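Subject: Structure handover

Hi,

Here is the structure I promised you. Please open it alongside this email; my notes follow below.

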Amino acid sequence: MMSLVEIIKAKRAHLARFANQNGAAGEASVLAEMANWIPRPKGKALQVLLASLDASGISIKSSSFDAIALPPAYQLDFLNSSQVTAALPLMCFIEIKSANQSRVKPGFNGFFFALTESEISAADQLKERHRVALYNKVTGEVLLTSVTEILARAKSSTWQVSVQL
């Protein structure tokens, strides 16, 4: 028989996996609906993108965005650093936050979510080229906003520090 501490640890692990899977599913759903959004590149393509950003004076983490919006029909080879560098001014980096709770009302009233330090840093560095897409998986509503707009309309906020030992 499991102790109470073991049960709590198992439930927390399950919830962490479940939340991550639901977040990824929400990202995939909204990406499928947005014609000019592409998922964050992976592997070498992501390294090329981050190096191009760094060379331009912008140092962000790969976890600070989920998608990139490009102009309609724009073709870009993320493995070609000169193409990526030339396209940087056209890119909008998008962090996706999805909700599936019935308490989330139209306009996203009642939506509770976290912004990480890396997401806030990316928003600060990229300015108007960083957006947050709030996506309601129940209704299909999408609201494209910014970290500044979110903080201005927040009814409450709690700051925390997360550490890994």
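Let's start with helix α2. Ala45, Leu46, Val48, Leu49, Ser52 and Leu53 are buried there. They span an arc of only 160 degrees around the axis, so they sit on the same side of α2. The arc is taken from the directions that run from the helix axis to the C-beta atoms. Buried means under 20% relative accessible area, exposed means over 50%, and partly exposed is in between (1.4 Å probe, protein chains only).

A word on the source. This is a predicted model, in which local features need pLDDT of at least 70 and side-chain atom pairs count only at pLDDT 80 or more, while totals for chains, interfaces and linings use all residues. Residues are numbered from 1 along each chain as its sequence is written, and side-chain values use heavy atoms, with hydrogens and water left out.

**More on α2**

Helices (H or I, at least four residues) and strands (E, at least two) are DSSP runs, numbered from the N terminus. Helix α2 covers residues 43–55, which is 13 residues. From its first C-alpha to its last it reaches 18 Å, close to the 18 Å expected at 1.5 Å a residue. That expected span is 1.5 Å times one less than the number of residues. Lys44, Gln47 and Ala55 are exposed on the other side of α2. The cover over its buried residues includes β2, α3 (81–87), β3 and α4. Gly57 follows α2 and has a positive phi, near 95 degrees.

**The sheet**

The sheet is open and has 5 strands, in the order β1-β2-β3-β4-β5, with mixed pairing. Two strands pair if DSSP finds at least two bridges between them. The edge strands, β1 (37–39) and β5 (142–145), each pair on one side only. From one strand to the next, the twist averages 30 degrees. Helix α4 packs on the sheet and touches β3 and β4. Its direction makes about 130 degrees with that of β4. Here contact means heavy atoms within 4.5 Å. Axes are lines fitted to C-alpha atoms, for helices over the stretch in contact, and angles run from 0 to 180 degrees between N-to-C directions.

Strand β3 (residues 92–99) has 7 of its 8 residues buried, so it is largely enclosed by the rest of the structure. It is joined to β2 (residues 67–69) by 3 bridges, and the two run antiparallel. Ala67 has Ile94 in β3 as its bridge partner. Ser98 is partnered by Tyr135 in β4, and Lys97 by Leu134.

β3, α4 (residues 117–126) and β4 make a right-handed β-α-β unit. Right-handed means that, with the strands pointing away from the viewer, the path from the first strand over the helix to the second runs clockwise.

**Three residues to look at**

- Glu33 lies in helix α1 (residues 4–33) and is partly exposed, at 45% relative accessibility. Not counting residues up to four places away in sequence, Glu33 touches Tyr135 and Gly140. The C-alpha atoms of Glu33 and Gly140 are separated by 9.3 Å, although the two are 107 residues apart along the chain.
- Ala73 is not a glycine, yet has a positive phi of about 65 degrees. Ala73 is in the loop between β2 and α3 and is exposed, at 72%.
- Phe108 is not a glycine either, and has a positive phi of about 70 degrees. Phe108 is in the loop between β3 and α4 and is buried, at 4% relative accessibility.

Best wishes
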